[in-house]
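Please consider the following model with its sequence at hand.

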2 protein chains.
Amino acid sequence: MARRPRDAEATRLQILDAAEALFAEHGFGSTSLAAIARQSDTHKSLILHHFGSKEDLWQAVKERRFDSFTREQKDMFQRGRVTLDEIVQTTRAYFRLLQGDPVLVQLLTRAELEKDIGCSQYDEVRLSAFVERLRQAQQAGILRPDIPPAHLLLIIVNVITQWFEARAIFSTWSELESERLDDDFLDSFIKLFFQGARVPGQAGAAP
Amino acid sequence: MARRPRDAEATRLQILDAAEALFAEHGFGSTSLAAIARQSDTHKSLILHHFGSKEDLWQAVKERRFDSFTREQKDMFQRGRVTLDEIVQTTRAYFRLLQGDPVLVQLLTRAELEKDIGCSQYDEVRLSAFVERLRQAQQAGILRPDIPPAHLLLIIVNVITQWFEARAIFSTWSELESERLDDDFLDSFIKLFFQGARVPGQAGAAP
DNA sequence: CTCTATATTTACCGAACGGTCAGTAAATAT
DNA sequence: ATATTTACTGACCGTTCGGTAAATATAGAG
């Protein structure tokens, strides 16, 4: 059998790519080293040579992805001035980011389920810039000041994250038939987030 | 060694309970029949005798839990009149339900990750009653009519679900230090959902 | 009391698991 | 030219995997 070209970096990448796809799709426990070797067109021993153990490989997969995710998001969250419109645009950008990267969503979910502590540090780093901008928007009188900015952030992030986590499930609902499934929901959420669900001036005690 | 009492139903229950806990905590692939036998104080062969296969056991675990979850929720969503306050109460009740049942949240998440189609049918059944009440609230002029009721529902459910899915992660944030972590967030969300994030009468084009 | 159905137990299976290891070959340093 | 390092290979290890078959015990029906 023809030998692999001797290129450690390329091999590591092939393995990481294959492992990421399989771990995201089937989960850690349901993914075997043999399957990763097959998909990456390498060898089981090569995986262990480069990454030490299956557990360490999983860690490496998460780190690579969350690193780049964190970087992208810090950039995204720091762009623009502090105006209502810019905040809407940032929300849209976050939506687009997850929309275009289903594997990332799966990986995030699996990391959450494992209560991966390292993951929580990433989260604080990547989101703190947005929290800060929301706080500034409150000080500028653009957003209501009586909700902690971290809560505002979490409402945005939670709605969007859960939308893509569970999309496969409610995309079959008859209620939601639409060719703009994602976009319609995003528009609804933005409308609601900034303007609220109540009919203005309507009777009824403020909840 | 003392023999088990010959009680099929009790044995099935013991196995289901143990399997539910382990599957929720570690996932399907990372849970072995041996571990389930150990935790349920039965035998591996008993599991296969009563449930056929590991896959079938996982299915049985999900069905049992989602069945009762669906029933509870249909009740919850049909109670009360159609008023703003009742809708707030229902939202709070849903929050309390997930708050009191971390295993359920984990199980739901894992079912989502597997794109379990059966799970989506449960979802449509359990949530349709709430969608209907939201629609009535719109017709009664209580909620704004220009957002599809299914979207309103999904915003509520997504925020709450994701809050408990990822709680372990952002509960460590310095931003959120609080002894009423859950309750504070719920209050913020309800405020925002019904009143919006914008300062009323503020300049800036509606998004 | 006996028979029967089946819950429970033990023993066992082949396959697949994660991981080790000795050996080969290519690049790099000396 | 030679020594050292290291990417790579394939054979191999002990364990655990999900699942099967047969033996055993027991509750309930006749």
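Which residues touch the most other members in the largest nonpolar core? They are A:A19, A:L153, B:A19 and B:L153, in a core of 108 residues. Such a core is a set of buried Ala, Val, Leu, Ile, Met, Phe, Trp, Tyr and Cys residues joined through C-beta atoms within 7 Å; a residue is buried if 20 or more other C-beta atoms lie within 10 Å of its own, exposed if 12 or fewer, and partly exposed in between, with C-beta atoms placed from the backbone. The model is predicted: local features need pLDDT of at least 70, side-chain atom pairs count only at pLDDT 80 or more, and totals for chains, interfaces and linings use all residues. Residues are numbered from 1 along each chain as its sequence is written, while chains are lettered from A and ligands numbered from 1 in the order in which they are written.

Apart from neighbours within four places in sequence, B:A19 is in contact (C-beta atoms, placed from the backbone, within 7 Å) with B:I36, B:L57 and B:V61.

Between the chains, the contact takes 60 residues from chain A and 60 residues from chain B. On the side of chain B, α8(B) contributes the largest share, 15 residues; helices are DSSP runs of H or I with at least four residues, numbered from the N terminus.

DNA strand C is surrounded by 23 residues, the closest being A:S32, A:K54, B:R4, B:T11 and B:S45; a residue counts as near if its C-beta atom, placed from the backbone, lies within 6 Å of the strand.

How values were computed:
Two residues are in contact if their C-beta atoms, placed from the backbone, lie within 7 Å. Helices (H or I, at least four residues) and strands (E, at least two) are DSSP runs, numbered from the N terminus.
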